[in-house]
Amino acid sequence: MTVVSIGALLVFLCSCMQGPADPGSTFHKGLQRDAWRTLSAYDAALLAHREKTRTDVPPAYWDPGIQQLQPVKVYTHRGNLVVVQSMNEGAEQGKYIDLPVAPFHPVSAWFSHRHAVDGFVFRPARGTGVFNYMRTTPVPYPPYK
């Protein structure tokens with residue numbers, strides 16, 4: 001009886017889940033789709049050994065939707081795509097595109113930096129899963145003498 005109940009529960013839960021392949025989800029629209037295409041193309045190049053390291057995503061793999069943002073550079077952070085639009089004295093700003101399949105999902109913080117993660121502070125932007133962000137690089141302190 002317990003095995004049947006657990007099996008029925010698993011079937012129910014699996015039938016309720018929607019993945020990125022669901023054509024009715026917002027994942028297939030806008031910058032999330034463009035970010036997914038960009039990462040898919042780059043991952044395919046890594047698997048085919050056309051690229052050697054997983055650092056910045058080269059412009060050759062940017063989807064046209066990402067190119068329209070006029071990025072300075074593009075890289076990944078915890079499974080999501082970061083589109084840097086400006087860099088100035090150790091701080092960068094741009095779009096942070098949250099992918100539903102990533103293990104990390106940002107939280108926006110309008111009034112403080114208390115939700116900062118790895119130097120990122122997120123603000124809501126237009127589009128599902130898209131955040132404006134600012135990231136500061138910590139300045140190393142001089143050694144104590």
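A salt bridge is a side-chain nitrogen of Lys or Arg within 4 Å of a carboxyl oxygen of Asp or Glu. I start with that definition, since my first entries are about charged pairs.

**Entry: ground rules**

I note that this is a predicted model, in which local features need pLDDT of at least 70, side-chain atom pairs count only at pLDDT 80 or more, and totals for chains, interfaces and linings use all residues. Residues are numbered from 1 along each chain as its sequence is written, and side-chain values use heavy atoms, with hydrogens and water left out.

**Entry: salt bridges**

How many salt bridges does the structure hold? I find three. In general, side chains of opposite charge can pair when their charged atoms come close.

I looked up Arg54 and Asp43, whose side chains form a salt bridge at 2.3 Å, N to O. Arg54 sits in the loop between helix H2 (30-47) and helix H3 (64-67), while Asp43 is in helix H2, so the pair ties together parts that are eleven residues apart in sequence.

Buried means under 20% relative accessible area, exposed means over 50%, and partly exposed is in between, with a 1.4 Å probe and protein chains only. Arg54 is partly exposed because its relative accessible area is 43%. Asp43 also falls in the partly exposed class, at 30%.

Next I looked at Asp118 and Arg78, which meet through their side chains in a salt bridge of 3.1 Å, N to O. This pair links distant parts of the chain, 40 residues apart: Asp118 is in the loop between S3 and strand S4 (120-124), and Arg78 is in the loop between strand S1 (73-77) and strand S2 (80-88). Asp118 has a relative accessible area of 40%, so I write it down as partly exposed. Arg78 is partly exposed at 42%.

The side chains of Arg33 and Asp34 form a salt bridge as well, at 3.2 Å, N to O. Is Asp34 buried or exposed? Asp34 is buried, because its relative accessible area is 6%. Arg33 is partly exposed, at 27%.

**Entry: a lysine without a salt bridge**

Lys95 lies in strand S3 (residues 91-97). I count Lys and Arg as positive and Asp and Glu as negative, leaving out His and the chain ends. Lys95 is buried yet has no salt bridge. Which side chain of opposite charge is nearest to Lys95? It is Asp34, 12 Å away.

What does the side chain of Lys95 make a polar contact with? I find the side chain of Asn132, at 2.7 Å. A polar contact is a pair of N or O atoms within 3.5 Å; within protein, one must be able to donate a hydrogen and the other to accept it, and residues adjacent in sequence count only if both atoms are side-chain atoms.

I also listed what Lys95 touches, where contact means heavy atoms within 4.5 Å. Leaving out residues up to four places away in sequence, the list includes Leu69, Leu81, Val83, Val130 and Tyr133.

**Entry: the chain and its cores**

The protein chain has three helices and five strands, and from the N terminus on they run α-α-α-β-β-β-β-β. Of its 145 residues, 32% count as buried.

A nonpolar core is a set of buried Ala, Val, Leu, Ile, Met, Phe, Trp, Tyr and Cys residues joined through side-chain atoms within 4.5 Å. The largest one has 18 residues, and Leu31, Ile66, Val83 and Ile97 are among those with the most contacts inside it. H2 and S2 are the elements that give two or more residues to this core. H2 gives the largest share, six residues. Apart from this core lies another, of ten residues, including Val82, Val117, Phe131 and Tyr133.

I followed up Ile97: not counting residues up to four places away in sequence, Ile97 touches residues including Leu31, Ala35, Ile66 and Leu81.

**Entry: positive phi**

Gln70 has phi near 55°, a positive value in a residue other than glycine. Gln70 is in the loop between H3 and S1, and is exposed at 66% relative accessible area. Glu89, in the loop between S2 and S3, has a positive phi near 50° and is likewise not glycine. Glu89 is exposed because its relative accessible area is 79%.

How values were computed. Helices (H or I, at least four residues) and strands (E, at least two) are DSSP runs, numbered from the N terminus.
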